[in-house]
Amino acid sequence: MEEVIRVLGELSLSNEPTKHLQELKTALITAKSSRQPLSPGNLDLHSLFDSVNTDNGEQIDLAVDILSEFLPLYEPQAVLERFSWYLLRGLIHPNTKVRELIIKQIDNCVENEGGLTAFLANQSYVIAVISALGDESLSVSKYAVSTLLQVAHIPAGLHTIFTNETISSLQQSMAKSDSARFNVYEAIIKISVISPEALQVVAKTGLLEKLINEVTRGDILTQLNALELLIPLVLTEHGLALLHESGVVSKLQYLLSLAHSDPMASLLVPGLIKFFGNLGYSMPNHLAKEYNSVMHVIFNLATGKLDMGEPSFQVLAIDTLAHIATTAEGKIVLGKFQNEMDQVLHHMGERIQTAPTDLRVRMLEAMAELFSVEAEWQTTDVITITEKWWKELVGNNMSKIMNIARQPFPELRCTSLAIINVVAQLPWGQKMIKVEPGMVEYLLDRSTEPDKAGKEAKWDIVTTLVHSPTSHSIFTDTDMSRFEKYFTQGPFYVHTETQVAFEGDT
């Protein structure tokens, strides 16, 4: 520590700062290896901050490395108050590493109550971080978004971010580039979903309206990026209400209806389907009742009745239906579209048998979402719907999935095992496992899985059966005893036999 303090003291007067920084780094490593606690009260970092004011890349790298070790030693409030001038200067430094160091330190500081108080007390920090949203470095802009999001979680911070002065700074950042503009959009969307109050504050700035306008104007890439950013709003009641009031959802519904006849509109289909899929995930009843035409477009794409010249749209539609079905409410809503779902399931049943491997994996992953039901949501309605879907998709037994699980392709095998694990949670699935010829023996046979993923996937199925509240009334005591033994031994158990050598053996 004496060496650290000595070199720091000599650094400001040195004609060879790189040499002194190297000595300081070596002394710091020695101090850390001796596990001697560093005392920030004895350290003067001003000369260290000044060391980044150079064109010498090696010197900057050394100074950044050392500062990243020293700054966390201080209380967050002390960092922001004691070194404010250096931090603010560092945020506009031409070297990306310096800017990354400073914005990361500020982000860490505002996680602390004292640090957050010091940040809000200095409006220059708010302006500087907002400016950093337009930084050409993805890392710098990411930490800037994170910092503003943390600050916005308290009312005082929320109102400090959105003043007349800061709104002007936000607009200046947006003007720097397309990526900077969308960094600002990302920040305001993340803040908007915090609470209805936060959304109101953001909406008053007019920035949210600009983002909404980007959805239906400009080039396709801009529209798709804007659509992607709006999705978090769909997942909250207050966000969805605003999109309804502004007419955005109706406009998007109209664009989707044009997609089969308008080549330009069809380019937006991936973003539109994802948007409405997330709406269906968060509020499936709302999607089915208010936007029934959207549901029919998704169903027609999934079954192939609607062909827009892009095969990936069909897979996307199936993935979207599976995403909606992730929740129990989503399953019940989709269950009301009986004919449409039967057609989708029949198509999926064919594709998991005949499609190329990558597409078969996608279909199997969608199956796993369709049949996944948490224990607390296993109502009679949900269990009945999933059993009907299974029979429509693969029949009255487990044979088709078992045939896929036995194939020598790891991705197919593990995905099939994941599906078995999902239906093993359900009473009808357990009954099918019990009566499927050779299936119990297959689940208990460790030799079928040569790799780690397969071993874990099979053990997961056994774990599900052991912990299920219904399995004990379905399987025999012998089977349950074998499952429990397998579970206790773990996924990687290897049976070994002890041999005894007798005198005279050769």
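A: Helices α1 and α2 run roughly antiparallel to each other (angles over 145 degrees count as roughly antiparallel, under 35 as roughly parallel, 65 to 115 as roughly perpendicular, and the rest as oblique). This is a predicted model, in which local features need pLDDT of at least 70 and side-chain atom pairs count only at pLDDT 80 or more, while totals for chains, interfaces and linings use all residues. Residue numbers start from 1 along each chain as its sequence is written, and side-chain values rest on heavy atoms, without hydrogens or water.

Helix α1 covers residues 2-11 and helix α2 covers residues 17-33 (helices are DSSP runs of H or I, at least four residues, and are numbered from the N terminus). The angle between α1 and α2 is about 165°, and their axes are 9 Å apart (axes are fitted to C-alpha atoms over the stretch in contact, with angles from 0 to 180 degrees between N-to-C directions). The crossing of α1 past α2 is left-handed (the near helix is turned anticlockwise from the far one by less than a right angle).

On the α1 side, the residues in contact are Glu3, Val4, Arg6, Val7, Leu8, Glu10 and Leu11 (heavy atoms within 4.5 Å). They meet Pro17, His20, Leu21, Glu23, Leu24, Ala27 and Leu28 of α2. This contact of α1 with α2 has 9 nonpolar, 1 polar and 4 charged residues (Ala, Val, Leu, Ile, Met, Phe, Trp, Tyr, Cys and Pro count as nonpolar, Asp, Glu, Lys and Arg as charged, and the others, Gly among them, as polar).

Next comes the pair α12, residues 164-174, and α13, residues 178-192. Their axes come within 7 Å and cross at roughly 140°, so α12 is oblique to α13. From α12, the contact takes in Leu170, Ser173 and Met174; from α13, Ala180, Arg181, Val184 and Tyr185. The contact of α12 with α13 divides into 5 nonpolar, 1 polar and 1 charged.

The last pair is α26, residues 357-371, with α29, residues 410-423. Here the axes come within 9 Å and cross at roughly 10°. α26 is therefore roughly parallel to α29. α26 passes α29 in a left-handed crossing. Thr357, Arg360, Val361, Leu364, Glu365, Met367, Ala368 and Phe371 are the α26 residues in this contact. Facing them in α29 are Glu411, Leu412, Thr415, Ser416, Ile419, Val422 and Val423. By class, the contact of α26 with α29 has 9 nonpolar, 3 polar and 3 charged residues.

Note on methods: Helices (H or I, at least four residues) and strands (E, at least two) are DSSP runs, numbered from the N terminus.
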